Amino acid sequence: MKYLDEYRDPAGCRRLAKEIRTTATRSWTIMEVCGGQTHGLLRHGIDRELDGVVRLIHGPGCPVCVTPLESIDFALDLARRQDVLLTSFGDMLRVPGSRQRLLEGRGETGNVGIVYSPLDAIRLAEEQPDRQIVFFAVGFETTAPATALAVRRAAELGLDNFSLLVAHVCVLPAMETLAANPNSSVQGFLAAGHVCTVTGHACYEEFVSRFRLPVVVTGFEPIDLLAGILQCVEQLERGEASVANCYGRSVRTDGNTHAVELMGEVYEVCDRPWRGFGVVPGGGLKLRPKYASFDATERFDFNSLPIVEPKECRSGEVLSGQIKPTDCECFGTRCTPESPMGAPMVSTEGACSAYYQYGAAESTALTEGAKS
Amino acid sequence: MVTEQPTESLAYSAPDRGQGKQITLAHGEGGRLMRRLISEEIVAALGNRYLASLGDAAVLPSIQGPLCFSTDSFVVTPLFFPGGDIGSLSVYGTVNDLAVAGARPRWISLGLILEEGLPIQTLRRVLASVAEAAERADVQVVTGDTKVVPRGAADGLFINTTGIGEQAAPVPPGPTSLKVGDELLVSGPIGRHGIAVLAARDELDFDPAPTSDSAPLVGAVAALRDAGIPLRAVRDATRGGVAAVLHEWAEASRLTLSVDEADLPVTPEVRGACELLGLDPLHVANEGTMVVAVPAGASSRALDVLRSVPQATGAARIGHVRERTLAGVVVRRALGREHPLDEPLGAPLPRIC
């Protein structure tokens, strides 16, 4: 299949892995920012292939995982109201709130719906004028343009029964928080390919000159990931730090300017608490005053109850790259995808779920070679 | 997207046979309307001498050897999807359960639960599909039941079918008989039904639209038997997909089943949709595709036989059985590394980034 098979070619992968091993004179610590990259690395066994040469730290790039519990509780509260249909992407619906999760909310009230696009929520609002349709807007700059488009469309249509519960987050400020942490061991970043498809990569220049850490825009297929890692290792070996684009088939320097303009028209940057991180300055998006009438937090009352994070869950340390999922005592025992304690075990993009799914505890490394 | 919702057929001007245009509660209340619904719609569509007697029970001729007996209920949404519909599905589902148990399916029952307001034309289309599927699978619908429930108490139309078949020797001994070295086959491309229904239900405009594999496996199982292929185990890979069958077999045999991702037959439509939605074709449902285990060395002959049957032209060897390691089911991914295959967890949800 075009755009897939050539990026999964086993011979090409082995060539790149060998080049990484011969280039590296020491072990380097690199963070892949996006959860999709974490899954790609584990699914194809790249982390084990490079064991001893590159230490991969899994970054916070799972928007479902970093959405604060308070937002999820608010969403649950909305789903219990008879006059509201709460809609969101599938992943979000399995994340536990502090007391319940949304899919359980669906069982209880029937007021939660999975949609594939925010524009589907607009269609629902048109079809059901007597019902309040709320879209739970989660995601990085990858999904924000689509939710911005939905808000603009709702404004054009004059819909008064559509609103957005906004939990959008921006990836660069979180990278800055991580890089500024004196305890961070990260020596280079693989930037999130799909976020950069929207934002471009020019915006990383200032980050690189400020922190002197290489940033390599990287895709999700094995060849993409290995090429990104190789580029990062080459820079580190030369003692350089620059922005490099190893996902050229999707990412342009200035990104998708149309999408960025749309985001800018509807949203403004704000400080936002990230689960596991605390407040990230400039780490979120909120609706501009012009569109405030579509803000679910303005439209509906919510009495937040005190938030109780499960004490044993170490998802904060996982999300900030301080520990690997398998370092957590609960991993695979008290915390599994069927009964998750924290968001990284729930979301398909979460690091704990990736480790569980690809059998970190029991997988066996085989000899190189494609087949028996 | 070819999603034919029942409501669409309201606009279709069918010849009115005195039933009205929609199912009403009166159609289920035992009176004249119900009698006419049964005789003019159901018996007319499925007619055979057992059904036509309209008795409380069908009296069937005695058959040789052990009987196989199986039941299944069908609640699929939407009722019509590319490659099939609830009618044909309800026949093939039960017939395939009998076939993979080593039986020649003979007779099935048809239990209909209709929602008040269901267009009669939709019912006619479903019954026509049941009739065509029964003929294709060489079974007769010999008894049935019809209930009507108030609007909102069902989703258009539910069907239960129960089937009886005669067991044909030799019968595959089942997964406890698996041995190290056995080879694993599938009878065709995997994941087609689940993706077709998901795409139709959620109106995902894939082009070309993925189609379901819904079809009878009777001919394919019979061909293996008639050719004298030694069989260890045969199972149709319905809910939970091929992964669910492999996990069941691994548990029953206490051995490890190893499959090679590169050998899995997957259509471009299913592969594209799975990549986009973050699903694994191994976890996606089939309705006319089976997993077969044969002893070491028997796979090429088994594949030749399967590929000569119209329903199994895409049959492929996907892996083998070996000594038990930690994981019961493992997949060798593209780079040559092996990973345990996770059991599916509930309904797959689309990913967001």
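A: Start with the labels. Helices (H or I, at least four residues) and strands (E, at least two) are DSSP runs, and their numbers count from the N terminus. The model is predicted. Chain A averages a pLDDT of 88, and 92% of its residues score at least 70.

Now the part to look at: a sheet in chain A. Four strands form it, in the order E4-E3-E5-E6. The sheet is open, and its pairing is parallel. Strand E4 (112-114) and strand E6 (162-168) of chain A are the edge strands. Each of them pairs on one side only. Neighbouring strands of this sheet are turned by 25° against each other on average, direction ignored. What holds paired strands together? Strands of a sheet pair through backbone hydrogen bonds, either parallel or antiparallel.

Go to one pair of strands. Strand E5 of chain A covers residues 132-139. Seven bridges join it to E6(A), and the two run parallel. Find A:Ile133: its bridge partner in E6(A) is A:Phe162.

Helix H7 of chain A, residues 118-127, lies across strand E3 (84-88), E5 and E6 of chain A. H7(A) runs at about 175° to E5(A). Helix H8 of chain A, residues 144-157, lies across E5 and E6 of chain A. Its angle to E6(A) is about 160°.

Stay with H8(A). How far apart should its ends be? At 1.5 Å a residue, its 14 residues should span 20 Å. The end C-alpha atoms are 20 Å apart, so the model agrees with that expectation. Which of its residues are buried? They include A:Ala144, A:Pro145, A:Thr147 and A:Ala148. A:Ala150, A:Val151 and A:Ala154 are buried too. An α-helix has 3.6 residues a turn, so residues three or four places apart point the same way. Just after H8(A) comes A:Gly158, with a positive phi of about 65°.

Now leave the sheet for some loops. A:Arg212 also has a positive phi, about 55°, although it is not a glycine. The loop that holds A:Arg212 runs between helix H11 (205-211) and strand E8 (215-218) of chain A. A:Arg212 has a relative accessible area of 53%, so it counts as exposed.

A:Glu221 sits in the loop between E8 and helix H12 (222-238) of chain A. Is A:Glu221 buried or exposed? Its relative accessibility is 13%, so it counts as buried. Beyond four places in sequence, A:Glu221 touches A:Leu4, A:Tyr7, A:Arg8 and A:Arg249, along with B:Glu275.

Chain B has loops to see as well. B:Asp138 lies between helix H4 (120-137) and strand E5 (140-149) of chain B. Its phi is near 60°, a positive value in a residue other than glycine. At 64% relative accessibility, B:Asp138 is exposed.

One joins B:Thr77 and B:Pro78, with omega about -5°. B:Pro78 is in the loop between strand E1 (67-74) and strand E2 (80-81) of chain B. The other goes from B:Ala169 to B:Pro170, with omega near -5°. B:Pro170 belongs to the loop between strand E6 (157-167) and strand E7 (183-186) of chain B.

Last, a caution about chain A. Over residues 361-372, pLDDT stays under 50.

Notes: Residues numbered from 1 in each chain as written. Chains lettered and ligands numbered in written order. Predicted model: local features only at pLDDT ≥ 70, side-chain atom pairs only at ≥ 80, totals over all residues. Heavy atoms only, no water. Pairing = 2+ DSSP bridges. Axes fitted to C-alpha atoms, helices over the stretch in contact; angles between N-to-C directions. Contact = heavy atoms within 4.5 Å. pLDDT = per-residue confidence, 0-100. Expected span 1.5 Å × (residues − 1). Buried < 20%, exposed > 50% of the residue type's maximum accessible area, 1.4 Å probe, protein only.
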